[in-house]
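Colleague: Before I use any of the labels attached to this model, I would like to hear what each one rests on. Could we go through them one at a time?

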Amino acid sequence: MLFDTHAHYDDHRFDADRDALLATMPAHNVGLILNPGCTVETSQTAIRIAETHDFVYAAVGIHPEYSMGVTQDDLDCIRALSAHPKVKAIGEIGLDYYWEKQSPETTPPRARQKELLRAQLELAREVGLPVIIHDREAHADCFDIVKDYAGLRGVYHCYSGSLEMAREIVKLGWYLSFTGVITYGRAKKARHIIENLPIERVMIETDSPYLTPEPERLQNRRMRNSSLLVHRVAERLADFYGLSVPEVERITTENGKRFFAID
């Protein structure tokens, strides 16, 4: 059984067939899915989706892209949502510096992103939930903040940092999650990192509807990704670790269930 630990079924690209698509997952060996929110609204939607499908769970949080305009009322709403029995984490939260050069006028200032990240890490510690970290081109700043929260559990989703930082993240007792990006032909760096990590600290995800894996991506770069393709990530991990695909499926699913406290 596969566990897609990060997929955005709240996204509008699933509006036409969301429930029908999710209903097919068990027949395709996808037994668990975690849907993180990025705003108060999408966090609420993630919970509604989880309520509709037994094997879908939710996380609630505010993505750094939406840092501007976040109020204490928004954080209080996230806190209230976190009490729902199907909510298993606070996320996705973090730092994102990618858009600073492309859209400096609309990118939230670094100071505001850091402030919101700290507030949500505090919230996670308060409510006793792990966190899902989004770290895009902000590796040093992000790690400097999360390491201040001793005892908090977390996962770096779609990990893109260095091997050295990955090792430090593992030392914290945290996890790293990988997407279809590791199936791309240029993913030599990812292979080097993964081969030097304990598989017991690794999870798999699609980040649907984004980051469609190969070979599907080669056929259609605009193809909508879904949990139906999370097996591609497991297959590539099996290649990197020299394990069978069923072994990787079992280990990464156990990792995800343990991390998110899912029986």
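Colleague: What makes the approach of the T42 side chain to the backbone nitrogen of T39 a polar contact?

Modeller: The distance is 2.9 Å, and a polar contact is a pair of N or O atoms within 3.5 Å, where within protein one must be able to donate a hydrogen and the other to accept it, and where residues adjacent in sequence count only if both atoms are side-chain atoms. T42 itself lies in helix α2, residues 40-52, helices being DSSP runs of H or I with at least four residues and strands runs of E with at least two, numbered from the N terminus. This is a predicted model, in which local features need pLDDT of at least 70 and side-chain atom pairs count only at pLDDT 80 or more, while totals for chains, interfaces and linings use all residues. Residues are numbered from 1 along each chain as its sequence is written, and side-chain values use heavy atoms, with hydrogens and water left out.

Colleague: Why is V202 called buried?

Modeller: Its relative accessibility is 0%, and buried means under 20% relative accessible area, with exposed over 50% and partly exposed in between, for a 1.4 Å probe and protein chains only, so V202 counts as buried. V202 lies in strand β8, residues 202-204, and, leaving out residues up to four places away in sequence, V202 touches residues including Y175, L176, F178 and L237, where contact means heavy atoms within 4.5 Å.

Colleague: Why are the rings of F3 and F260 called a tilted pair?

Modeller: Rings of Phe, Tyr and Trp (its six-membered ring) pair if their centres lie within 6.5 Å, and planes under 30 degrees apart count as stacked, over 60 as edge-to-face and the rest as tilted. The centres of F3 and F260 are 6.0 Å apart and their planes stand at 55 degrees, so the pair is tilted. F3 lies in strand β1 and F260 in helix α10, so the pair ties together parts that are 257 residues apart in sequence.

Colleague: What makes R153 a charge over the ring of F259?

Modeller: The charged end of R153 sits 5.5 Å from the centre of that ring, and a charge sits over a ring if NZ of Lys or CZ of Arg is within 6 Å of the ring centre and within 35 degrees of the ring normal. K86 likewise lies over the face of Y57, at 4.5 Å from the ring centre.
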